[in-house]
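Please read it alongside the sequence and the coordinates.

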Amino acid sequence: MDKSDKHMSQASKSMQWTREHDILLCREVLALEVYKHKKGTNQAGRLWDEIAKNLRGCQTVRFKSNLSQRAVRERFNLIQGRFKENEKTELAASGISVPEQHELDVLLEDIAERERDAIAEASEKKGQEKATAEDIRNQ
């Protein structure tokens, strides 16, 4: 195996994430509603596996054939973190006109909003369960 063959095999293993890759990833996150499950749980893990599988099967944009649950999850966390940082910066710079939003920004905003709603819903449910448990103990 010469240098060019070695370089080709390494290139086929690595993948450059583009805006199109990120958009497809966010669409999958929205479709499967990963944010409704607590991070690190088996349910969330199964959904990340499903997302990786769906992306590997995508025909419009090529993903590497061994795309893992971990790679997908880490990429999503990275772009979501960048989005949240940009959001904070834009809020701090009030008075500046809002730049045109790309599809990726809209998707990330939608995911963030749904994630907040899911957290609030889980918190409310937990509060109701505590109240019910308290009533049962008092009886």
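Is Asp-22 buried or exposed? The model is a predicted one, and in it Asp-22 has a relative accessibility of 5%. Because the limit for a buried residue is under 20% relative accessible area, Asp-22 counts as buried.

Asp-22 has its place in helix H2. Leaving aside residues up to four places away in sequence, Asp-22 touches Trp-17, Arg-75, Ile-79 and Leu-104. One of these partners, Ile-79, is taken up again below.

## Confidence of the model

The chain has a mean pLDDT of 83, and 86% of its residues reach 70 or more. Over residues 1-12, however, the pLDDT is below 50, and this stretch has two contacts in the model beyond near neighbours in sequence. Where pLDDT is low, the predicted coordinates should not be read in detail.

## Overall architecture

The secondary structure consists of five helices and zero strands. Followed along the sequence, the pattern of the chain is α-α-α-α-α. The chain has 139 residues, and buried residues make up 26% of them.

Among contacts with a separation of 6 or more, 64% are accounted for by residues 24 or more positions apart.

## The largest nonpolar core

The largest nonpolar core contains 27 residues, and Leu-25 and Phe-76 touch the most other members. At least two residues of this core come from each of helix H2 (19-32), helix H3 (42-56), helix H4 (69-92) and helix H5 (103-138). The greatest contribution is that of H2, which gives six residues.

Which residues does Phe-76 touch, not counting residues up to four places away in sequence? The partners of Phe-76 are Leu-25, Cys-26, Val-29, Trp-48, Leu-108 and Ile-111.

## Ile-79 and its surroundings

Ile-79 has its place in helix H4. With a relative accessibility of 5%, Ile-79 counts as buried. Apart from residues up to four places away in sequence, Ile-79 touches Asp-22, Leu-25, Cys-26, Leu-104 and Leu-108.

The pair formed by Ile-79 and Leu-104 is 25 residues apart along the chain, and the C-alpha atoms of the two are separated by 9.5 Å. Leu-104 is also one of the residues touched by Asp-22.

## Partly exposed positions

Glu-33 is found in the loop between H2 and H3. The phi angle of Glu-33 is near 55°, a positive value in a residue other than glycine. The relative accessible area of Glu-33 is 28%, and Glu-33 is therefore partly exposed.

Val-106 lies in helix H5. With a relative accessible area of 44%, Val-106 is likewise partly exposed. From C-alpha to C-alpha, Val-106 and Cys-26 are 9.9 Å apart in space, while in sequence they are 80 residues apart.

## The largest pocket

The volume of the largest pocket is about 740 Å³. Its lining is made of 30 residues, and those that lie nearest the centre of the pocket are Tyr-35, Lys-36, His-37, Lys-38 and Lys-39. Two or more lining residues are given by each of the elements H3, H4 and H5.

Which element gives the most to the lining of the largest pocket? The answer is H5, with twelve residues. Divided by class, the lining has ten nonpolar, nine polar and eleven charged residues.

Definitions and conventions: Residues are numbered from 1 along each chain as its sequence is written. This is a predicted model: local features need pLDDT of at least 70, side-chain atom pairs count only at pLDDT 80 or more; totals for chains, interfaces and linings use all residues. Side-chain values use heavy atoms; hydrogens and water are left out. pLDDT is the predictor's confidence in each residue, from 0 to 100. Contact means heavy atoms within 4.5 Å. A nonpolar core is a set of buried Ala, Val, Leu, Ile, Met, Phe, Trp, Tyr and Cys residues joined through side-chain atoms within 4.5 Å. Buried means under 20% relative accessible area, exposed over 50%, partly exposed in between (1.4 Å probe, protein chains only). Helices (H or I, at least four residues) and strands (E, at least two) are DSSP runs, numbered from the N terminus. On a 1 Å grid over the protein atoms alone, a cavity is a set of points where a 1.4 Å probe fits but cannot get out, and a pocket is an open set with protein on both sides within 12 Å along at least five of seven lines; lining residues have an atom within 4 Å of a point. Grid points are joined across faces, edges and corners, and a volume is the space filled by probe spheres set on the points. Ala, Val, Leu, Ile, Met, Phe, Trp, Tyr, Cys and Pro count as nonpolar, Asp, Glu, Lys and Arg as charged, and the others, Gly among them, as polar.
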